[in-house]
Number of protein chains: 2
Amino acid sequence: MTDLRTATGAAVRVACRRGELTRPTPGLAPGYVQANLVVLPKDWAFDFLLFCQRNPKPCPLLDVTEPGDPEPLSVAPGADLRTDLPAYRLWRNGELVEEPVDITRYWRDDLVAFLIGCSFTFETALLDAGVPVRHIEENVNVPMYRTNVPCRPAGRFAGPMVVSMRPLTPAQAVRATQVCSRLPRAHGAPVHFGDPLAIGISAIERPDFGDPVTIRPGEVPVFWACGVTPQAVLMEAKPPFAITHKPGHMFLTDWKDSDLEE
Amino acid sequence: MTDLRTATGAAVRVACRRGELTRPTPGLAPGYVQANLVVLPKDWAFDFLLFCQRNPKPCPLLDVTEPGDPEPLSVAPGADLRTDLPAYRLWRNGELVEEPVDITRYWRDDLVAFLIGCSFTFETALLDAGVPVRHIEENVNVPMYRTNVPCRPAGRFAGPMVVSMRPLTPAQAVRATQVCSRLPRAHGAPVHFGDPLAIGISAIERPDFGDPVTIRPGEVPVFWACGVTPQAVLMEAKPPFAITHKPGHMFLTDWKDSDLEE
C-alpha cells in the first residue's frame, strides 16, 4: 500500500474508494489542496450557492457539481465524491443520522456537491513562511469560536461567522496577513485580531469547537473566517437532506496549494 | 441638476430614476464602481450563478439579489434595479424585443438580478498607474473578440470567452498585470498577450464587438476577459425571459473603485 504521507491527492482518493482509508486526512498528500464537502438537493442549492457567493471568506468555493453528477470536474476530474472521502456525515432535518464511509446508496439525481477551501492550505503557507501554528505545535485541534459577526444571509441560510484562532506576535500577524491575502480561496486574510470581545467571544480559553491553545506573553489572538461556518448555518437551516464530510476527513483534490495563490 | 461628471453613484441612480438620465454612463460619478446587469427567472438563476462561479474572470459577481427583490443590498442598499439604470434591454427566447428606460412593469416575483464587475474599474486603475488605454485615447469603444477559449459550462450555459484588447509595450503589459491582479472583481489580470491566433482571433483589425484601435510598433495586443461573455452565453442559451442593461448604460454602485482592490 502507498504511504499516503507522501502520496498524491489521487492516491488518497483511491485508498478511500477501496475502503482502505477511513481516518482523518491532515498530513496526507502534503502540498495537495484539501476541501470541505457539502451536498444538498437542487432545491436548496441555489440558496447555498448564493450564501457562499455572499460570504467568500468563510465559504471559498473551489468547485460545484452539476445536479446529479458526483464528479468534481474542476478540482479532480475522474474522482467520485460518493466514494472518495474517508468518511461522511448524513443529515436529515438538521439532525446527524449516520456516519457512512460511502454514500453511493444515498446518491440522488438532484444532489449538488460543493467543495469549499480549507485552512490546511494557509497553515502550510504560514509554516513555509516561518509563522508558527500553535495548535499544530501542541498537537490539538484548532480552537474555533462562534462570533457576533453576522454572515450576509441568503434565502433560508443565515447565521454568525465562525472563526478559527492562532496566537501570534504582532510581527508574525503582519506576515500572516501578507501570506494569507494571497490565498482568498483558503479563507484569505484574518478577519480580526486582538480583543476577542470585539467580535462577541467572551471566553478565549473555552472555544465552541476544537481545543484551547496557549497564548504566550507578547502574542495576540488572530482570527480567520472558518469553514465550520457553512456547516453551522446549514444545520441551523435544517434542510430535509444533506451530506457533509466527517470533520477532519476531507476531500483530496488534484490541485496543489500553490494553485490557490493569487 | 447635479453635474453627473462629479456626482456620486447614488446621484446618478436618482437621475436615472427620475428619467433625467437615459444616456451612457462612462465618465459619470468617477471613482464609483459601475456594473453590468443580468436579470433572469429563478429557474435559470442557479445555472447562471454556477456559470459565474466557474468563470470568475469574465463574470466577476459583485452582488446577486434574492428572488423578487430589486434591491442590491451589498453594493447599493436602497437602490432599485427596476428604475436606477439609464436604459435596459428586454430579451425573450434570446431575441431583443425592447429597450425600455424603466423595467418596473416587467418585474416579477421570481426574478433574480446579477451585478457583474466592469472594465471601467481597471481602466481607471491603469490610467492612474500611467498605463495608456488606447480606445480612450482614440475616443472609440474598446475592441472585443470571440475566442476559441471555452468557458467552463454550467447547466444550460456554455460558450467561448469574449475578450477585450488594449495594445501595450511589454513594460506597460507587466505593469498592467500587476495593477489588474489586484482587481479580480473587475476581470483581473490579462488572460493572454501577443499572438491573437493562439486564442482563435484571426483578424485583430476586425473586432467582433466595439471598434478597432491602432497597435503601434513595439506594442503587443493584451487581452482581458470581458463582461460581454456572460451576455453572449446568455443569448445563446435563449432563456424565455431576460433583462440586461443596454450596452454602456451601466448601474452605478455605492462602492468606490478602491473597494474592489484585493
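Below is a short chat about a predicted model with chains A and B.

User: Hi! What should I know about the numbering and the model before I start?
Analyst: Residues are numbered from 1 along each chain as its sequence is written, while chains are lettered from A and ligands numbered from 1 in the order in which they are written. The model is predicted, with local features needing pLDDT of at least 70 and side-chain atom pairs counting only at pLDDT 80 or more, whereas totals for chains, interfaces and linings use all residues.

User: Great. How many residues of chain A are in contact with chain B?
Analyst: On chain A there are 14, and they are in contact with 14 residues of chain B. Contact here is defined by C-beta atoms, placed from the backbone, that lie within 7 Å.

User: Which elements of chain A give two or more residues to that side?
Analyst: Those are helix 2 (42-54) and strand 2 (61-64) of chain A. Helix 2 of chain A gives the largest share, six residues. Helices (H or I, at least four residues) and strands (E, at least two) are DSSP runs, numbered from the N terminus.

User: Switching topic: what domains does chain A have?
Analyst: Chain A is divided into domain 1 (9-117 + 237-260) and domain 2 (120-230), with bounds from an automatic or database domain assignment. Their centres, taken over C-alpha atoms, are 22 Å apart. The contact between them takes 23 residues from domain 1 and 24 residues from domain 2 of chain A.

User: What gives residues to the domain 1 side?
Analyst: Strand 1 (32-41) and helix 2 of chain A each give two or more. The largest share, six residues, comes from helix 2 of chain A.

User: Last one: how do strand 3 and strand 4 of chain B pair?
Analyst: Strand 3 (residues 88-92) and strand 4 (residues 95-98) of chain B pair in the antiparallel sense over three bridges; pairing requires that DSSP finds at least two bridges. B:Arg92 stands opposite B:Glu95 in strand 4 of chain B. Their hairpin has two residues between the strands, and B:Asn93 takes a positive phi near 50° there.

Terms used. Two residues are in contact if their C-beta atoms, placed from the backbone, lie within 7 Å.
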